[in-house]
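Please read the following report with the sequence and the model side by side, and look up each residue as it is named.

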Amino acid sequence: MNMTKLYRKSEIAFAILWIVAYVVLSSLADQVSTSISVVKSVTNVLHIVMTLVLYFWIRNHKLSKKYGFCRSIVPARKFLYYLPLVIIATASLWGGIRLQYGFPGALMYVISMLCVGFLEEVIFRGLLFRAMEKDNLKTAIIVSALTFGLGHIVNLFNGSGMDPVSSLIQIVFAMLVGFVLVLIFYHGGSLIPCIVFHSANNALHVFEADGLMSPQTEMILNIVLIVGVLGAYSLYLVRAFPERADIRR
């Protein structure tokens, strides 16, 4: 069954297929990239191919507006000019700036993260959310937020060295980010702000100066970002948009 036939038969099955393919193939590509000692090399090729395939498939089937490849119907000021997202995306640089890889490695990493931002937003906020939204909006919002957060639970088991408390904070943090992003997409009808934020947030970590902040300071910063920025922004979005925006697809 080709992509189009599967999509017409079941949008949820189509979204799940993309999720499985993305997660499994990305994991394998990362392992191969590591084995040849070139950071994100094979992963980059995979993500670029997947990005192009998904983008052109959506465009060729005239689904660009449905999946948010358009301007937001809500003015930026209504979203507070996305300033909370800017704060979140640049928080990794507050402890200092240092290039974590050489130039080729950093370039590979940034390209990969740009593709990851596109793919994850289109797959989770676009394909999956839109497929579920038709049957149950609240469930669609919850699943979109949870999938973004629970993906980070792997850090408890993959030998990353992250302690359980830090992992829990990261999971909660990611869930709130997912909740904010799906609300922005749902009410504004545009996935572009979500893709830009997600890509920038990931890519800027290549310039993060690890170890310059104490673990206690990092934990306090994360709590401030969760409660003071994401928590407050989530409440604002819920109160600012009590009714569904009139999105004509």
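Predicted model: local features only at pLDDT ≥ 70, side-chain atom pairs only at ≥ 80, totals over all residues.

Residues are numbered from 1 along each chain as its sequence is written, and side-chain values use heavy atoms, with hydrogens and water left out.

**The core**

In soluble globular proteins, nonpolar side chains tend to be buried together. Here the largest nonpolar core has 65 residues, and among these Val122 and Ile184 touch the most other members. Such a core is a set of buried Ala, Val, Leu, Ile, Met, Phe, Trp, Tyr and Cys residues joined through side-chain atoms within 4.5 Å, where buried means under 20% relative accessible area, exposed means over 50%, and partly exposed lies in between (1.4 Å probe, protein chains only). Helix α5, which covers residues 103-133, gives the most to this core, with 13 residues; helices are DSSP runs (H or I, at least four residues), numbered from the N terminus. When its neighbours within four places in sequence are left aside, Val122 is in contact (heavy atoms within 4.5 Å) with Leu54, Ile58, Phe69, Leu127, Leu191 and Ile195.

Ser144, which lies in helix α6 (residues 137-150), is buried as well, with a relative accessible area of 1%. Apart from neighbours within four places in sequence, Ser144 is in contact with Phe124, Arg125 and Val182.

In helix α4 (residues 83-90), the buried residues are Pro84, Leu85, Ile88 and Ala89. They cover an arc of only 135° around the axis, taken from the directions from the helix axis to the C-beta atoms, and therefore they lie on the same side of α4.

Ile12, Ile16, Val20, Val23, Val24, Leu25 and Leu28 make a nonpolar surface patch of about 560 Å². A patch of this kind is made of residues with over 30% relative accessible area and no salt bridge, with nonpolar side chains (Val, Leu, Ile, Met, Phe, Trp, Tyr) joined within 5 Å. One of its members, Val20, lies in helix α2 (residues 11-35) and is partly exposed, with a relative accessible area of 45%.

**Charged pairs**

Side chains of opposite charge can pair when their charged atoms come close. A search of the whole structure finds five salt bridges, each being a side-chain nitrogen of Lys or Arg within 4 Å of a carboxyl oxygen of Asp or Glu. The table gives some of them.

| Salt bridge | Closest N to O |
|---|---|
| Glu11 and Lys134 | 3.2 Å |
| Glu121 and Arg125 | 2.9 Å |

Glu11 counts as buried at 15% relative accessibility, whereas Lys134 counts as exposed at 56%.

Glu121 and Arg125 both lie in helix α5, four residues apart, about one turn of the helix, and both of these residues are buried. Arg130 and Glu133 also both lie in helix α5, three residues apart, which is again about one turn; Arg130 counts as buried at 1% relative accessibility, and Glu133 counts as buried at 9%. Finally, salt bridges that share partners join Glu11, Lys66 and Lys134 into one network.

How values were computed:
Patch = residues over 30% accessible without salt bridge, like charges linked within 9 Å, V, L, I, M, F, W, Y side chains within 5 Å. Areas by Shrake-Rupley, 256 points an atom, 1.4 Å probe, with all protein chains shown as cover. Helix = DSSP H or I, 4+ residues; strand = E, 2+ residues; numbered from the N terminus.
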